[in-house]
Amino acid sequence: MSIQLPLKNKPISESAKEAIARCLTPENEILFTIIGDLTMKGKYGESILAVSRDKFIIVSPELEGGVAEYLHSDVKNAKVKRMYGNARLDVELKNGRKVSAFRFTYSVASLCDMAAQFILHISEGKDIDEEMEIVSATFEKLMSVCPKCGRTLLHAGAECIRCQSKSKIMNKLIKYIKPQTKLLLICLGLALLTTAVALLPPYIVRIMVDDILPSKNKGALTVVVFALLGAYIIQFGIGALRGYLLRISGDRIVADLRNDVYRKAQYLPMKFYDKTSTGSVINRIAGDTGTLQGFMLRITQEVVVQFFLLVGIILIMFIMNLKLTLLSLAPVPLVVVSAKIFGKKIYPFYKRIWRRWSAVSSILTDSIPNIRVVKSFAGEKRAVSKFERYNEEWRKVDTASAKITNIFPSAVSFTVMCGTILIWSVGGNMVIDTGGAALSLGLLMSFITYTSMFYGPVNFFAYLSDSYQAALSAAERVLDILDAEPENDLHAGEKPDKVYGRIEYKNVNFSFDRTKKVISEVNLVIEPGDIVGIVGTTGSGKSTLINLLLRFYDNYEGEILIDGKDIKTIDLEYYRSSIGYVQQEPMMFSDTIYNNIAYGVPDAPIEAVINAAEIANAHEFIARQPDGYDSMLGERGVGLSGGEKQRLSIARAVLKNPSILVFDEATAAVDSETENMIQEAIERLIKGRTTLMIAHRLSTLRKANRIIVVDQGKIIENGSHDELMALKGKYYRLIEIQSMSEKVRKSKEDENFE
Amino acid sequence: MSRLYIEGDMARFIKAEANLINVELYDGIKFDMLEPRRLFPISGLNKYITLLDSEGNEKAIIRDLDSLIPESKKVVTDCLNEYYMIPKITKLVDSTDKFGVLKWTVETDHGIKTFDIRNRYSDIKSLFDGRILIRDSDDNRYEIPDTSKLDKKSQYLLYLEL
């Protein structure tokens, strides 16, 4: 074993090093050190747990002498007590003394879990080198984080998806612009043409005022009027064409972006959806992509056009009159500074408005699909008042931002107009004083028109940072999805020829958010063809065991093996296709019955679908539907009973022909008669396949050749029905309660029938 | 079995070990080594404190902590303070944004702490009672009880994210 000792999670202070060294003999080295962040009294500060071959040492300022040490051989039990926002390493010594040895936040919780296990195993006489392999693996996993952003990497040394792409944010967006290059270049060419034409009218005005009108030259007037007409036709005609082409390219950009975000959203792991509301995901796909599209068009089109316009106007103005040009430039610094302040003020509002709108959307996505529950509990008023409360929050923020978005630009425009007044005043005096020799009336009028045109691009560039801020905030949220780590190795990994269905859980530990262990030290072997019933009270961890097997969550400790292979090394798509999963509440799509059954195998032959429906006891009720297999289901399967939906979901699993079957309380929500039909279907389906059934009804478990009982994330009983009944443990008690409630249920059903 | 609610002087609480207590009811019934836990830790209610045995089974509920005799109230409060660590942020010293991850340095009633916030949209929550709840990238929790009591700079830094 080539591990560089001692392993540690961060640098250790010199004083702590000395304190530890004082507890050691020369031949006894420290194997690993955990640098925590809490003192025993719960204050932030350095505290250390250092573990050697024969003892562990605690360094904390509140300990007597700053140090405490315990021999592994004196330890009877060591465990981590997880509390709220902090945790403790509690040790029970063989002399009966109990010690709260080390206190820490969740930042080092997984390391302390490992340390507790190490100390306990060494006290039980287990091999230190073998235990050190687990220790080094835990350290390696913890250190597999991106040094830039701290995200957990797929493995040590892997490139961080987020940082890699964030630094190339423009490249990410350019990817969507590239396919539209031709169209955008045409638009740009047209824009430059219209811009050049737009510079003409003020010049024509000067000619009219200075030359044509005073000389009463009607012929020239007609020519100039037609020239003006031509200029406007070109300007607005081409403008309309350009607008149309821009819309086409913009639509394509936003459609591509939305497709990508939605595609990525499909492949995001469950933990993303555990933390992100549906409303916020919808907002990103619907709203933020639109904001980004606007920004992309702005930077590829308007920036060039406005720059061209700005340079053109300044050149013309300089040629016309240097003094007046300098005067008209006077408000520019003010505009730029104001825009900077504006950008700074408005940026938080964009985020805030989005947050509030997301909250409103979340209520919509929550209450509209649950409208039956709302109505049945007469909750309409409450739903409306909750919506109004959130909507009011949104309104307040939006109104507050409206102040800034309107007052600032108006103040700036006012300043600019003051600049124009200044030019009228200075220029007007020049025209009057010199009788038009230094400055003609036409030139003044033409100049003032150019000045007002000049502030268009100035404003544009000044507020570009504002639209950049809005786009940045949208990009951040869109990239949150686009750059989120997808489910690992979706199209990588092995594709074994066949999945036989031997399942093994090896030392599996799991927690959703480090605050509470949901699965603890699970070791379990299921042989091919085994039918295993999983029982336990609600919240015991049954479904989580299944969720880990289905790889909905990959961040567990330990290993899950299928036919001896770590499931993380198997291609995820292939792997999931070999598992049939029937949930307690079957989810249906708003589609035909046929397509709902064929969801997992869209190209299945029609007869295979019918056959699957037959096996699932669903064919008869489908045949009774006026539209048969073409019956359209409402959202989430509205129109079918719970039992019917369940049979469709079983048919879906049958069609997949999986090697492993998982039933998560498949018959929990149906009556006895339907349960029998479903039970029959299940029995037909499970023949020769490894089957895991989460169930609490004895009737469901009767086919299981093995039963495991899960309690507080641990497997506490494992054996056949008879063995567990003889054990008179938890299973026995569950079955006793079950039998009693079953009798009551049956008699009630009979009563109702009579 | 009906739920046993404890209030007033109907029980005496004695500190056992760590965050555990022994309970003696006025009728002589005793429970040892119970763990007090808040039923409403986020709402911050000082009421409805459940008392769990080592198996996690509820033995009783303290209806209102403030109604207990002072000694008992102190014992239970100490245990709750040991169990629940939600540092109260008194000052936002620094806030930087790198690659979309916020790094905050804050002063709290537990000392100074620097932590990362991965997702500012889901990890900073503003409640309707005016409190702000924060979760860092390690799942540690923090609370800002009253934003109006923060200094100007802290308010501004917070305001940028809310």
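Lys506(A) forms a salt bridge with Glu559(A), with 3.9 Å between the closest N and O atoms; a salt bridge is a side-chain nitrogen of Lys or Arg within 4 Å of a carboxyl oxygen of Asp or Glu. The pair links distant parts of the chain, 53 residues apart: Lys506(A) is in strand S9 (residues 503–510) and Glu559(A) in strand S12 (residues 557–562) of chain A. This is a predicted model, in which local features need pLDDT of at least 70 and side-chain atom pairs count only at pLDDT 80 or more, while totals for chains, interfaces and linings use all residues. Residues are numbered from 1 along each chain as its sequence is written, chains are lettered from A and ligands numbered from 1 in the order in which they are written, and side-chain values use heavy atoms, with hydrogens and water left out.

**Salt bridges**

- Side chains of opposite charge can pair when their charged atoms come close.
- Over all chains, the structure holds 34 salt bridges.
- Lys506(A) is partly exposed, with a relative accessible area of 35%, and Glu559(A) is partly exposed at 32% (buried means under 20% relative accessible area, exposed over 50%, partly exposed in between, with a 1.4 Å probe and protein chains only).
- Asp251(A) and Arg247(A) meet in a salt bridge of 3.7 Å, N to O.
- Asp251(A) and Arg247(A) are about one helical turn apart because they are four residues apart in helix H8 of chain A.
- Arg247(A) is exposed at 58%, whereas Asp251(A) is partly exposed at 38%.
- The side chains of Asp554(A) and Arg551(A) form a salt bridge of 2.8 Å, N to O, and both residues are buried.
- A network of salt bridges links Arg88(A), Asp90(A) and Arg103(A) with Glu82(B).

- Helix H8 spans residues 218–266 of chain A and contains Phe226(A); helices (H or I, at least four residues) and strands (E, at least two) are DSSP runs, numbered from the N terminus.
- Phe226(A) counts as exposed because its relative accessibility is 56%.
- Phe226(A), Leu229(A) and Ile233(A) make a nonpolar surface patch of about 330 Å².
- Patches are made of residues with over 30% relative accessible area and no salt bridge, with like charges joined within 9 Å and nonpolar side chains (Val, Leu, Ile, Met, Phe, Trp, Tyr) within 5 Å.
- Accessible areas come from the Shrake-Rupley method with a 1.4 Å probe, and for residues only the protein chains shown count as cover.
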